[in-house]
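Visitor: I am new to this structure and would like to learn how to read its features one at a time. Could you show it to me and then take my questions in turn?

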Amino acid sequence: MSHVSIRQLLKNFDGKPPTVAVDHLDLEIEDGEFLVLLGPSGCGKTTTLRCLAGLEQPASGSITLGDQLVFDGDRGVNLTPDKRFIGMVFQSYALWPHMTVRKNIAYPLKSRKLTDALNSGRVEETAALVDCERLLDRLPAELSGGQQQRVALARGLVSHPDLVLFDEPLSNLDARLRDQVRAELHDLHQRKPFTAVFVTHDQSEALALGTRMAIMRAGQIVQIGPPREVFEEPVDEYVAGFTGMSNRLPCEYVDGRWYALGAEIFGMQPPAGASVGSFVIRLRPEKVRLVADAADLRHGEAGIAVHVDDVEYGGLHLDVMCSVAVEDSARRQLHARIPTHDSSRAPRTVSRGAAMILAFDPIDGRTFDTDGRALAL
Ligand code: ATP
């Protein structure tokens, strides 16, 4: 285990136009911390990981792993990957096809000449940790996807590296296996903490696994913190959108009435004192309701008239896509995820084409200024 320190890391790629993949990134990772990098495609997650591993050479900045300076642009330090004590687990399991599970797991010990570990049963011990001890004599082709990924995990951990890097290791698994391996990985880290950087673009993986999560945009970290903090208190609209607050209502107070997306919002309190009369509310689809009539709004709720564009059945919930009921509302979609049954277990029905009221309690949303920064209202 090791403390990791990244300072002002810059990595560009030549090309037309040139790309700044990692933009003066600062990041401190504590011993035993499981740090998740989350962000959309192209925001620089994998490049950050590859710079840590020594697979990309940054233009400037520095990286320290424990007490070892592995990269420093000013001092001309750049240790090759084999000189950095790092384990890696990739999206494609990248197991050696001609080697048994035992040999695959033992590979990092052999290549680093860790003979003591090899002879003291470390391979078997690590295989047991990921529940693979019965598979040791099989070839990768004789394993399921989930088993292969567990072997890859064992291979990443076996040498007790200073740092383990994960690049979307679960994304090739089907949904059920992904949940299972994710739970196993979480349990493993709880039992035997190791320092990790885990790259994903899956919000639920980041929330479940991260000691902290960092949201990236254009090569920089926009917000970093414990998953609950990032999820509940996004610093800006980008983070809010990325953590599931997909409904965006730009609200404006004009002549004593609130408007959003060209329609009136009723039931919302006037702005208090000198507070802002123009802002954006972000709402989770799970935090809005659909009611037939404005008279059905609960105390404190606000509502906006919508047209139901589509309804998808999702088992325990219905996904209802609506648009605000004004003429040019084509691209102003809002999403309501409502339980399939109400508390009396009566089935809920919503019809495509219906005119309804999208109801929400403003305190369930997050409010942002018109530049997208979080407001404390
Ligand atoms: P994804 O989730 O799609 O894997 P990412 O967040 O991991 O995306 P990176 O792969 O780090 O993003 O890429 C960051 C930026 O750098 C992108 O604009 C990408 O096009 C660019 N890039 C990455 N590798 C190279 C390369 N070898 N040559 C040129 N540009 C590259």
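This is a predicted model: local features need pLDDT of at least 70, side-chain atom pairs count only at pLDDT 80 or more; totals for chains, interfaces and linings use all residues.

Visitor: What is the phi of Lys113?

Guide: The phi of Lys113 is near 55°, which is a positive value in a residue other than glycine.

Visitor: How should I read the packing of two helices?

Guide: Two packed helices are described by the angle between their axes and the distance between those axes. Here the axes are lines fitted to C-alpha atoms, for helices over the stretch in contact, and the angles run from 0 to 180 degrees between N-to-C directions. In this model, helix α2 (residues 101-111) packs with helix α5 (residues 145-157) at an angle of about 30°, and their axes are 7 Å apart. That makes α2 roughly parallel to α5, on a scale where angles under 35 degrees count as roughly parallel, over 145 as roughly antiparallel, 65 to 115 as roughly perpendicular and the rest as oblique. The crossing of α2 and α5 is right-handed (a crossing is right-handed if the near helix is turned clockwise from the far one by less than a right angle, and left-handed if anticlockwise).

Visitor: Which residues of α2 and α5 make the contact?

Guide: From α2 come Val101, Asn104, Ile105, Tyr107 and Pro108, and from α5 come Val151, Ala154 and Arg155, where contact requires C-beta atoms, placed from the backbone, within 7 Å. By class, this contact of α2 with α5 holds 6 nonpolar, 1 polar and 1 charged residues (Ala, Val, Leu, Ile, Met, Phe, Trp, Tyr, Cys and Pro count as nonpolar, Asp, Glu, Lys and Arg as charged, and the others, Gly among them, as polar).

Visitor: At what angle do α5 and helix α6 pack?

Guide: The angle between α5 and helix α6 (residues 175-191) is about 25°, with the axes 10 Å apart, and these two helices are therefore roughly parallel to each other. The crossing of α5 and α6 is right-handed. Gly145, Gly146, Gln149, Arg150 and Leu153 of α5 meet Leu177, Gln180, Val181 and Leu185 of α6, a contact with 4 nonpolar, 4 polar and 1 charged residues.

Visitor: And at what angle do α2 and helix α4 pack?

Guide: For α2 and helix α4 (residues 122-129) the angle is about 115° and the axes are 10 Å apart, and this crossing too is right-handed. On the α2 side are Arg102, Ile105, Ala106 and Leu109, which meet Arg122, Val123, Thr126 and Ala127 in α4.

Visitor: How is a sheet read, and in what order do the 5 strands of the open sheet come?

Guide: Two strands pair if DSSP finds at least two bridges between them, and the order follows such pairs across the sheet. The 5 strands come in the order β2-β1-β4-β5-β6, with antiparallel pairing, and the edge strands, each paired on one side only, are β2 (19-29) and β6 (77-78). Strand β5 (residues 68-72) is joined to β6 by 2 bridges, and Phe71 has Asn78 of β6 as its bridge partner. Helix α1 (residues 45-53) packs on this sheet, where α1 touches β1 (4-13), β2 and β4 (60-65), and the direction of α1 makes about 65° with that of β2.

Visitor: In what order do the 6 strands of the other open sheet come?

Guide: That order is β7-β8-β9-β3-β10-β11, with mixed pairing. Within that sheet, 4 bridges join strand β8 (residues 163-167) to strand β9 (residues 196-200), which run parallel. α5 returns here, lying across β7 and β8 and running at about 170° to β7.

Visitor: Finally, how many residues surround the ligand?

Guide: There are 13, the closest being Phe13, Ala21, Ser41, Thr46 and Thr47, where a residue counts as near if its C-beta atom, placed from the backbone, lies within 6 Å. The largest share of this shell, 3 residues, comes from α1, and the shell divides into 3 nonpolar, 9 polar and 1 charged residues.

Technical notes. Residues are numbered from 1 along each chain as its sequence is written. Two residues are in contact if their C-beta atoms, placed from the backbone, lie within 7 Å.
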